[in-house]
Amino acid sequence: MNLEARKISFVQEFLRLQNEEIVIGLEKLLHKRKAELIENDMKPMSLEKFYADIDQSIEDSENGRLISASDLKAKIKKWS
């Protein structure tokens with residue numbers, strides 16, 4: 001059974017649940033596992049990358065490649 005079929009089967013079984021304790025337990029497990037996966041994927045930035053990003057930011061600033069916070073907010077308002 002592929003992942004999509006397993007998810008559909010799981011959702012169908014989940015929707016048949018009548019026990020709130022099981023639902024709460026599954027919610028907690030889901031949130032805990034998602035947090036663990038995110039934490040495991042996070043890796044510290046190397047000093048080389050950190051300094052390269054700083055240098056790039058300084059260069060962007062010196063060459064006018066930036067946007068003010070107020071201009072950015074105005075652009076965002078147009079999105080919706």
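Modeller: Let's start with the surface: Met45, Leu47, Phe50, Tyr51, Ile54 and Ile58 form a nonpolar patch with about 590 Å² of accessible area together. This is a predicted model, where local features need pLDDT of at least 70, side-chain atom pairs count only at pLDDT 80 or more, and totals for chains, interfaces and linings use all residues. Residues are numbered from 1 along each chain as its sequence is written, and side-chain values use heavy atoms, with hydrogens and water left out.

Biologist: What makes a group of residues a patch?

Modeller: Each member needs over 30% relative accessible area and no salt bridge; nonpolar side chains (Val, Leu, Ile, Met, Phe, Trp, Tyr) are then joined within 5 Å, and like charges within 9 Å. The areas come from the Shrake-Rupley method with a 1.4 Å probe, and for residues only the protein chains shown count as cover.

Biologist: Why is phenylalanine 50 called partly exposed?

Modeller: Buried means under 20% relative accessible area, exposed over 50%, and partly exposed in between (1.4 Å probe, protein chains only). Phenylalanine 50 has 40%, so it is partly exposed. This residue lies in helix H3, residues 47-62; a helix here is a DSSP run (H or I, at least four residues), numbered from the N terminus.

Biologist: How do you know that lysine 49 and aspartate 53 form a salt bridge?

Modeller: The term asks for a side-chain nitrogen of Lys or Arg within 4 Å of a carboxyl oxygen of Asp or Glu. For lysine 49 and aspartate 53 the closest N and O atoms are 2.8 Å apart, and the pair counts as a salt bridge. Both lie in helix H3, four residues apart, about one turn of the helix. Lysine 49 is partly exposed at 44%, and aspartate 53 is partly exposed at 29%.

Biologist: How many salt bridges does the structure hold?

Modeller: There are six. Among them is glutamate 36 with arginine 33, at 2.7 Å between the closest N and O atoms. These two are separated by about one helical turn because they sit three residues apart in helix H2. Another joins aspartate 60 and arginine 65 at 2.7 Å, N to O, and Glu59, Asp60 and Arg65 are linked in a network of salt bridges.

Biologist: What makes up the lining of the largest pocket?

Modeller: Phe10, Phe14, Leu26, Glu27, Leu29, Leu30 and Arg33 line it, and H2 gives the largest share, five residues. By class, the lining has five nonpolar, no polar and two charged residues. The pocket's volume is about 240 Å³.

Terms used
1 Å grid on protein atoms, 1.4 Å probe; cavity = no way out; pocket = protein on both sides within 12 Å on 5 of 7 lines; lining within 4 Å. Points joined across faces, edges and corners; volume = space filled by probe spheres on them. Nonpolar A, V, L, I, M, F, W, Y, C, P; charged D, E, K, R; others polar.
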